[in-house]
Amino acid sequence: MTASSGSASKRRRLSRFNPLHLAGWLFADMLLVLALVSLGDRADPLAAQSAAKPKPSPSTTASASPSPSPTPTGPRSLELKPVKIRVQAAAGDRSAMVAQVREATERYGGRQAALVLTFGESPETSQGQAYAGEINKALKKARPDMFGESVERPFWQGSPTSGSAALEIYFYTR
């Protein structure tokens with residue numbers, strides 16, 4: 001290899017680098033920073049609720065009428081701890097799925113779900129996700145007031161058997 005061919009090869013490699021290739025990554029990084037700043041800027045609705053509750057003062061008399069509790073203001077938020085339930089029914093048996101969902105969520109009546117993660121158990125990935133999708137359709141039939149506007153995501157959970165699903169339900173804060 002001659003000196004002139006070595007430097008020509010080097011120039012070709014350097015000429016392939018184009019700073020415009022980095023523009024997409026820069027845009028993605030800036031978007032991530034903006035998302036983090038906007039998330040960090042939101043107030044905690046649970047902390048605002050506890051701060052807004054009136055504290056009894058020592059000069060309060062028994063004849064004083066209690067003030068109405070303040071209504072929460074601002075956007076709703078998700079509860080951090082999910083409600084976990086389990087459904088076991090044969091694939092395609094929608095009535096059994098609906099009945100089990102109704103029974104498992106009965107004590108949470110009046111609440112509204114925001115996000116539901118459904119893990120369909122099966123040895124095969126596609127079968128597990130399909131089963132989780134069936135369960136998600138049964139949710140809206142079982143409790144349309146609770147799951148009417150929720151977001152459901154079907155996932156697969158490896159298992160030697162099929163016909164069951166584990167659900168994690170994230171409700172809105174009250």
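User: In this predicted model, what do buried and exposed mean for a residue?
Analyst: The terms rest on relative accessible area. Buried means under 20%, and exposed means over 50%.

User: Which exposed residues does the face of α4 turned away from its buried side carry?
Analyst: Helix α4 comprises residues 94–105. Its buried residues include M97, V98, V101 and T105. These cover an arc of only 100° around the axis, so they lie on the same side of α4. The face turned away from that buried side carries the exposed residues S95 and E103.

User: How far apart are the end C-alpha atoms of helix α4?
Analyst: Helix α4 has 12 residues, and at 1.5 Å a residue it should span 16 Å. The model agrees with this expectation, since the end C-alpha atoms are apart by 16 Å.

User: Is L36 buried or exposed?
Analyst: L36 belongs to helix α2, residues 23–41. Together with L32 and L39, L36 makes a nonpolar surface patch of about 330 Å². Because its relative accessibility is 54%, and the cut-off is over 50%, L36 counts as exposed.

User: How many of the 10 residues of strand β2 are buried?
Analyst: Strand β2 covers residues 113–122. The strand is largely enclosed by the rest of the structure, because the buried residues number 9 of the 10.

User: Which residue in β3 is the bridge partner of L117?
Analyst: Strand β2 pairs with β4 (residues 164–171) in the antiparallel sense through 8 bridges, and A113 stands opposite F171 there. With β3 (residues 151–158), β2 pairs in the parallel sense over 8 bridges. In β3, the bridge partner of L117 is R153.

Notes. Residues are numbered from 1 along each chain as its sequence is written. This is a predicted model: local features need pLDDT of at least 70, side-chain atom pairs count only at pLDDT 80 or more; totals for chains, interfaces and linings use all residues. Side-chain values use heavy atoms; hydrogens and water are left out. Patches are made of residues with over 30% relative accessible area and no salt bridge: like charges are joined within 9 Å, nonpolar side chains (Val, Leu, Ile, Met, Phe, Trp, Tyr) within 5 Å. Accessible areas come from the Shrake-Rupley method with a 1.4 Å probe; for residues, only the protein chains shown count as cover. A salt bridge is a side-chain nitrogen of Lys or Arg within 4 Å of a carboxyl oxygen of Asp or Glu. Helices (H or I, at least four residues) and strands (E, at least two) are DSSP runs, numbered from the N terminus. Buried means under 20% relative accessible area, exposed over 50%, partly exposed in between (1.4 Å probe, protein chains only). Two strands pair if DSSP finds at least two bridges between them. The expected span of a helix is 1.5 Å times one less than its number of residues. The arc is that of the directions from the helix axis to the C-beta atoms.
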